[in-house]
Amino acid sequence: MAKILLVEDDHRLASLTSDFLKENGHEVRTVDNGNAAINQIIRMQPELVILDVMLPDIDGFTVCKHIRPNYSGPVLFLTAKDNNFDQVKGLELGGDDYVVKPAEPYVLLARVGALLRRAHTAQSDTSVIELGVLRLVHQARQVYLGDTNIELTTQEYDLLWLLASNAGQVLKRDDIYMRVLGREYDGLDRSIDIRVCKLRRKLGDNLTNPQRLVTVWGKGYMCTTTAWENVTL
């Protein structure tokens, strides 16, 4: 059972979605506007947030931007628009995944399950990775550059942990999608590319000529083992 907060202003859809998730073993609370969602998420600290983009007061993107400094759990966006702009924007603002409405119930359940499994697995691992000034403490899901704590979203952290765990090795794009997002790469999805760009920015990498998280064209990405000394943010 996971504690889930569903943010959806369509009361009928919220009721159907909530009932379905409850039938599949989850504890679900619902709110129908963005301001209430911000307060509830920060106070309640749910294990997962399902967040509609179109809300009556402030949109889901704004909600996600406001909660991220105080909430590190996974955020799954519900968007009625099947276009790259909404999907990219949601990921850039700290979302972990998205489902296009109207969502097939079992597709939604599968995405929820994948996000929860990754979060729970990460919390139970006590490993530490150190590459120069970069330090990842897996049980606490904390990332440090020297003495500076770097705030990452759930899947930014998962991606960095995967790359750092395999430092010096090229990880194929297909493998990254399956291990971080729990789904196959369809040739069009830019979710991982967006997260790599955000990680480079947060970790002080050169955005024009990356030295730490490098792109291996035609193959995938690699975390280097040597370029983590004297990183400047």
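In what order do the three strands of the open sheet lie? In this predicted model, the order is β10-β12-β11, and the pairing is antiparallel. Strands β10 (171–172) and β11 (213–216) form the edges, each pairing on one side only. Strand β12 covers residues 220–223 and is joined to β10 by two bridges. Across this antiparallel pair, Leu 171 faces Tyr 221 of β12. Helix α6, residues 154–165, packs on the sheet and touches β10, β11 and β12. The direction of α6 makes about 70° with that of β12.

Salt bridges were examined next. The count is twelve. One of them joins Asp 96 to Arg 68, with the closest N and O atoms 2.9 Å apart. Asp 96 sits in the loop between α4 (84–92) and β5 (97–100), and Arg 68 in the loop between α3 (60–67) and β4 (75–79), so the pair ties together parts 28 residues apart in sequence. Asp 96 has a relative accessible area of 0% and is buried. Arg 68, at 14%, also counts as buried, because the limit for a buried residue is under 20%.

Asp 193 and Arg 173 form another salt bridge, and their closest N and O atoms are 2.6 Å apart. This pair links distant parts of the chain. Asp 193 belongs to helix α8 (residues 191–202) and Arg 173 to helix α7 (residues 173–181), 20 residues apart. Both Asp 193 and Arg 173 are buried.

Arg 183 forms a salt bridge with Asp 189, at 2.9 Å between the closest N and O atoms. Arg 183 is buried at 14% relative accessibility, and Asp 189 is buried at 9%. Arg 183 and Asp 189 belong to a network of salt bridges that also includes Asp 97 and Arg 111.

Definitions and conventions
Residues numbered from 1 in each chain as written. Predicted model: local features only at pLDDT ≥ 70, side-chain atom pairs only at ≥ 80, totals over all residues. Heavy atoms only, no water. Pairing = 2+ DSSP bridges. Helix = DSSP H or I, 4+ residues; strand = E, 2+ residues; numbered from the N terminus. Contact = heavy atoms within 4.5 Å. Axes fitted to C-alpha atoms, helices over the stretch in contact; angles between N-to-C directions. Salt bridge = Lys/Arg side-chain N within 4 Å of Asp/Glu carboxyl O. Buried < 20%, exposed > 50% of the residue type's maximum accessible area, 1.4 Å probe, protein only.
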